[in-house]
Amino acid sequence: MNSTSDDELLARLDRVLERVDPVPADLLDRVRFAIDLEYLDVEVARWERHSELAGVRSSAEPGSVTFTVDDLTVMVSFLRTPRGYRIDGWLAPPGPHAVEVRIDGHGSNTTTADSNGRFALPEVPRGVTQILVHLAENGRSARTVVTPTLVL
Amino acid sequence: MREMSLSTTDDPPWEGLDGPARHAVCLDAARNGNRDALHVLVDELTPLVWHVVRGQGVERPAAEDVVQTVWLALLRNLDRLDQPRALAAWLITTARREAVRVRSAERSPTSPLPTEVLDQVPTTDGQPEAEALRGDRDRRLWSAFRRLPPRCQELLRLTVVAGRARYQAVAEALGMPRGSIGPTRGRCLETLRALLGAEGGTR
């Protein structure tokens, strides 16, 4: 019989994992916020270049991020303002799609992209932020694309 | 499209249940628009998803996004999961796939050794000597663990985090035949012990 039983060794490993690689404290809240959506039939857009601005934090300098889903690219840039952020974005391919920016605890801001796919929200509060694009087809919202949250 | 409605249950149907049975009931409720049920799943299964993703070598900030992507992907698949009891296996499978996708897109494929993280863990007050010893033991265990074959690291990480109730989910998601997970885990633990022993420390 070994000096350390399987169960003991596994329990030790459990404790070590807990210490070296804990689940980030705010992750559960961010997940809850990200999935608290009115509609469930959403497509998830993923970060284009992950390493550059992954897990944007309030300390990070604002910059731009690109999200993609099969047939849509969403580029967003953030510019700090005295009270929050200005968001400028581009959709490719362009279309008169509604763009919704949700901020935890601050509801959401909505705008519509122009014929070139550009959109802007001049004043968005800081916080846990998620972007939704409601793709219009024949004047109706046909699909919704969502991003993971950013912490701005 | 279905709308989520606020639930007004005073005694949720998953109360008193645990493990896969509890989560199967939660999944059923979530399908019917119960937001609380979905939150229970998020709270209790996010650690599993996190360790699947980290076990694939995705860095912590990127892993936070992958975890969210997995849960967002679950939303549209709520109705497509044939067996509610298969939820954990679905989460593990989806998380692994997403992690691999992210990792292959990253320029630096391997994450830095979290040993440095261990070094930063502050010693608590009380018994400094005992604390130091325990820290040393932990460091040696972690360093031995990191030298295991990747497959063993993943299997041990998942069995530790998922718990006994989920062996089958882990086996399914890792593509292992049912019943082989126990013996394989045993061999991984043997290797871990050998690595610990080779370091000359107490086991």
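**Talking through the terms**

Modeller: Gladly! Keep in mind that this is a predicted model. In chain A, A:Leu79 has A:Arg86 of β5(A) as its bridge partner.

Biologist: What makes β4 and β5 of chain A a pair of strands?

Modeller: Two strands count as paired once at least two bridges are found between them. Strand β4 (residues 72-80) and strand β5 (residues 85-92) of chain A have eight bridges, in the antiparallel sense, so by that cut-off they are a pair. The two also form a hairpin, with four residues between them.

Biologist: And which strand of chain A pairs with β5(A) over five bridges?

Modeller: That is strand β8 (residues 118-124) of chain A, again in the antiparallel sense.

Biologist: Let me pick a residue of β4(A). Why is A:Val74 called buried?

Modeller: A:Val74 is in strand β4 of chain A. Its relative accessible area is 2%, and buried means under 20%, so the label applies. Setting aside residues up to four places away in sequence, A:Val74 touches A:Val65, A:Thr66, A:Phe67, A:Trp90, A:Leu91, A:Phe119 and A:Val133. Its C-alpha atom is separated by 9.6 Å from that of A:Trp47, which is 27 residues apart from it along the chain.

Biologist: A:Val133 is in that list. Is A:Val133 buried or exposed?

Modeller: With 2% relative accessibility, A:Val133 counts as buried. This residue lies in strand β9 (residues 128-137) of chain A. Beyond its neighbours within four places in sequence, its contacts include A:Leu72, A:Val74, A:Leu91 and A:His97. A:Val133 and A:Thr147 are 14 residues apart in sequence, and their C-alpha atoms are 9.0 Å apart.

Biologist: On to the rings. How many aromatic pairs does the structure hold?

Modeller: There are two over all chains. In one, the rings of A:Phe78 and A:Tyr85 have centres 6.4 Å apart and planes at 85°. Centres must lie within 6.5 Å for a pair, and planes over 60 degrees apart count as edge-to-face, so this pair is edge-to-face. A:Phe78 is buried, at 5% relative accessible area, and A:Tyr85 also counts as buried, at 3%.

Biologist: Then why are B:Trp142 and B:Phe145 called stacked?

Modeller: Their ring centres are 5.3 Å apart and their planes stand at 25°. Planes under 30 degrees apart count as stacked, so that is the name for this pair. Being three residues apart in helix α6 (residues 128-146) of chain B, the two are separated by about one helical turn. B:Trp142 counts as buried at 0% relative accessibility, and B:Phe145 counts as buried at 0% as well.

Biologist: How do you know that the length of α2(B) agrees with what a helix should span?

Modeller: Helix α2 (residues 35-55) of chain B has 21 residues, and at 1.5 Å a residue it should span 30 Å. Its end C-alpha atoms are 29 Å apart, which agrees. The helix does bend, by about 45° at B:Leu45, and a proline, B:Pro47, follows within four residues.

Biologist: What makes α2(B) largely enclosed?

Modeller: Of its 21 residues, 16 are buried, so α2(B) is largely enclosed by the rest of the structure.

Biologist: And which residue caps the N-terminal end of α2(B)?

Modeller: B:Asn34 does, with a side-chain oxygen 2.9 Å from the backbone nitrogen of B:Asp36. The cut-off for a polar contact is 3.5 Å, and 2.9 Å falls within it. After the helix comes B:Gly57, whose phi is positive, near 85°.

Technical notes. Residues are numbered from 1 along each chain as its sequence is written. Chains are lettered from A and ligands numbered from 1 in the order in which they are written. This is a predicted model: local features need pLDDT of at least 70, side-chain atom pairs count only at pLDDT 80 or more; totals for chains, interfaces and linings use all residues. Side-chain values use heavy atoms; hydrogens and water are left out. The expected span of a helix is 1.5 Å times one less than its number of residues. The bend at a residue is the angle between axes fitted to the seven residues ending there and the seven starting there. Buried means under 20% relative accessible area, exposed over 50%, partly exposed in between (1.4 Å probe, protein chains only). A polar contact is a pair of N or O atoms within 3.5 Å; within protein, one must be able to donate a hydrogen and the other to accept it, and residues adjacent in sequence count only if both atoms are side-chain atoms. Contact means heavy atoms within 4.5 Å. Rings of Phe, Tyr and Trp (its six-membered ring) pair if their centres lie within 6.5 Å; planes under 30 degrees apart count as stacked, over 60 as edge-to-face and the rest as tilted.
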